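Here is a briefing on a predicted model. Keep the structure open beside the text while you read.

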Amino acid sequence: MLSSDFAMDADAALEFVDRLVYAKTEKRLNDLERQVFLGSWHGKTYEEIYPFKAEYIEKSVGYRLWHKLSDVLGEKITKKRLKGCVERAIKQQKQIAIIYRQQTPDAQIAEILSRAVQPVGHSFLANLDTVSSTGGSWASQLEAKLICCSHFILVLSSQMAMSEMVIEILQRIWDHHVSYYSHKPWLLVLHVCTESPFPLNHDLRNYLAQARQYSWVKPNDEQRLVRDLVQIIQVGKPPIVGTAKVSSTEKTIESPSLCSADVERSESSLPAPRPVADPELPRGQVRLASAFYIERNPQDVLCYEEIFKPGALIRIKAPRQMGKTSLMARILSKAREQGYQTIPLSFQHADQEIFNSLDKVLRWLCVRVARKLNLPPRLEDFWTDTYGSKDNCTAYFEDYLLPEITTPLVLGMDEVDRVFHYANIVDDFFGLLRAWYEEAGYGMAGSSLWEKLRLVVVHSTEGYIPLDINQSPFNVGLPIELQDFNLDQVTDLACRHGLNWTAEQLEQLMTLIGGHPYLVRFAFYHIAQKRLTWNQLLESAPTESGIYGDHLRRHLWVLHRNSVLANSFSQVLVRHEPVCLESECAFKLHSLGLVKLEGNGVVPRFELYRQYFSGRLKVIV
C-alpha cells in the first residue's frame, strides 16, 4: 500500500489535466470546473461540492467537464472513474522537467532543451532562482508539476552544485517515484563545464551516481543528451554507455559512492595550512587540509579523546550545515593516525527500498562494512532463519568481522536520520547499536571483541521519534551537540579570510546570521573575493537576489510542505518575546535550525529568518 505522503496530490492532478486541456483547446479550466474536479477527487457529492445549485453543477458543469477530460485523456471519464483515469494518464504521459538556475548559459541551455524534447514529451522549466511574492503558491505549483514528471534533466553548473534547493527537490523526486511508481526516476545530468572542475557534496554525488552524465562546453553539446532521452522514452532503455565519449567531469562522477571522508584520507599528510588562505567556497564537508575549519573546543578535543576508549560511542547532532560530517571526518582521521581501521558510512548511499525491512538494512550494513575491510561478504554463512535479524547481524560482527581485524574499528555512521522515517525498523535498529555499546562494557567473555568497535553516530535533529529509553543509543555514550560559532570563532574565521573587520561589523553580522557556520563562511567568501561589499550584504541578504536566496527558498519549500510548522513559525515571527509552542512543533523548528530556545519558548534563530519569512508565510498559514 502506498504511503499517504505519496498518494497523488489533488492539486498536482488538477495541474496536470489543466495543462492537457490547454494544450488541446488553448483554454484553461474555469473556477467551477476546478471546484468540481477537486471535490470529485476527494470523493465529495455534488451537494457537498456546491450545495446551492447541486443539480446545475451535476448536469451542466460536471457533464461538460467529464466530456472535456474524456476527449483529452482518450478514455471515458466519469465522476467515479476520475481518479483512476488521471493517475493512469500521468503514468503514461512523458512529462520532462528541466531543472536549472537563472544565469548564463544555464537558462539558454534549458530553453534549447525544452524545444528539443517537444517531439517526445511535454517539458516543464523548473527555475530554482524564481519564487513569487506568494511563496506558498510558488512552492505548491513547483511541487505539483515536478511530481507529475517522469524524466528529469539537471543542468549542473558550479552554482547549481551549491544549491540547497536542488538536494531537496531530488530527494522529493526520488522518494515519490520509488513509493508511488515503484521505480527510480530517469535523471540525465548535463554538466556545464565553463570553468575549472568543481567539487560536489556527498548528498548530490549520491543522486548523480544513479544518473546518466553528459558534458556541455559549447553550443550543440546538448544534442547527445537529447538523442539518448528520445531513445529512453521511445524504447524504454538508453543506448550503451561504452559508445559515448566521457569527459573528465563525468569520470569524477562515475564512482561517487565513496563518502567524502574516504577521498580525503590522503590529505591528512599535507603540510599545515597558512593562517590566512585563499578564499575557499564552502561546499558541505570542510576538507581535512582546509584552513577554514574552526575547532569547537572542548567538543572537538573530547571527541578525539573519546574515540580511543574501548567500545566508545560518540553521538554528534545538529541541524544541517553545522559541521557534523566535517567533525566526523576529523575523528576518523585521528583514529587512522593511531593505526585504527576507519569506515565512513553514509546512510544516504542506501536505496530507499532497503529501509522497507530491518533485515534488508542490517544485511546492507554488514556487506558495506565487509567490503570496506576487503573481506568477502559470506553473509549466508551467518544469516539463518532460526534467529532474528539483530541476532544474525550481531553474530556476523562477533564471529566474523571483529575476529578478522587486529586493530580497533571505527565505524562512522553519517545521515542516520533516514532511519527515523521508518517506524517499522527505527526502534530495533537503534536498539541494536545500544546493545553493541553495552556488550563492550559487560566485562564478560566476548566483551574484548566488542571493545574493538567504536561508533560515531551523526544525525541532524530533524526527527521527532520517541524511542524506548532502554533501547535508544541517544542517552548513552558521549553526546555532542554542535552550536553556532561564538564571536571569537567568527573573528578567527574573518582573519583567515584576510578580512580586518571592526567589532561593530562582526556584531552586526552575528545579529543578521548568528554564528551559523555555513552562512558565515559564505558571506566571508563572497566579500573576500570582492563579489560583494559589506553594505551590499546587509541590504540584499534577506532577499531572493541575495547570496542566501537558495538557502532561504529551501526552508520555504520545507515549511510549505508542513502547514502546521508554517503556522507555528509564523506565530514566532510576529512576536518579539519567546513564544511557547506545542513541544513537537518547537522541537522540529529547532531541529530545522529556524528557531533557538529561550527559557520555555522559542525565538527566530536570527534576524535573517525574521526579515525573509515575515513577508512570505502569510500565504501559507
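The model is predicted, and the mean pLDDT of the protein chain is 83. A pLDDT of 70 or more is reached by 86% of the residues. Where pLDDT is low, the predicted coordinates should not be read in detail.

**Confidence along the chain**

- Helix H14 (residues 299-306) has the highest mean pLDDT among the elements of the chain, at 96.
- Helix H13 (residues 260-263) has the lowest, at 32.
- Residues 1-6 stay under 50 in pLDDT. The model gives this stretch 8 contacts beyond four places in sequence.
- Residues 242-275 are also below 50. Beyond near neighbours in sequence, the model has 54 contacts for this stretch.

**Overall make-up**

- The protein chain has 621 residues, and 55% of them count as buried.
- Its secondary structure comprises 28 helices and 12 strands.
- Take the contacts between residues at least 6 apart in sequence: 74% of them join residues at least 24 apart.

**Helix H6 and its surroundings**

- Which residues of helix H6 are buried? In this helix (residues 106-116), they are Asp-106, Ala-107, Ile-109, Ala-110, Leu-113 and Ser-114.
- Viewed down the axis of H6, these buried residues fall within an arc of 160°, so they line one face of the helix.
- Pro-105 lies in the loop between S1 and H6. A cis peptide bond joins Thr-104 to Pro-105, with omega at about 5°.

- Pro-298 sits in the loop between H13 and H14.

**The H21 and H22 pair**

- Two packed helices are described by the angle between their axes and the distance between the axes.
- How are H21 and H22 placed relative to each other? The axes of H21 (residues 487-496) and H22 (residues 503-513) come within 11 Å and cross at roughly 115°.
- The two helices are therefore roughly perpendicular to each other.
- The crossing of H21 and H22 is right-handed.
- From H21, the contact is made by Leu-487, Val-490, Thr-491 and Ala-494. From H22, Leu-506, Leu-509 and Met-510 take part.

- Asn-374 has a positive phi of about 60°, although it is not a glycine. This residue lies in the loop between helix H16 (358-372) and helix H17 (389-404).
- Is Asn-374 buried or exposed? Asn-374 is exposed, because its relative accessible area is 70% and the cut-off for exposed is over 50%.
- Arg-378 has its place in the loop between H16 and H17 as well. Its phi is near 50°, a positive value in a residue other than glycine.
- Arg-378 counts as partly exposed, because its relative accessibility is 38%, which falls between the 20% and 50% cut-offs.

Conventions
Residues numbered from 1 in each chain as written. Predicted model: local features only at pLDDT ≥ 70, side-chain atom pairs only at ≥ 80, totals over all residues. Heavy atoms only, no water. Buried < 20%, exposed > 50% of the residue type's maximum accessible area, 1.4 Å probe, protein only. Helix = DSSP H or I, 4+ residues; strand = E, 2+ residues; numbered from the N terminus. Arc of directions from axis to C-beta. pLDDT = per-residue confidence, 0-100. Contact = heavy atoms within 4.5 Å. Axes fitted to C-alpha atoms, helices over the stretch in contact; angles between N-to-C directions. Parallel < 35°, antiparallel > 145°, perpendicular 65-115°, else oblique. Left-handed = near helix turned anticlockwise from the far one by under 90°.
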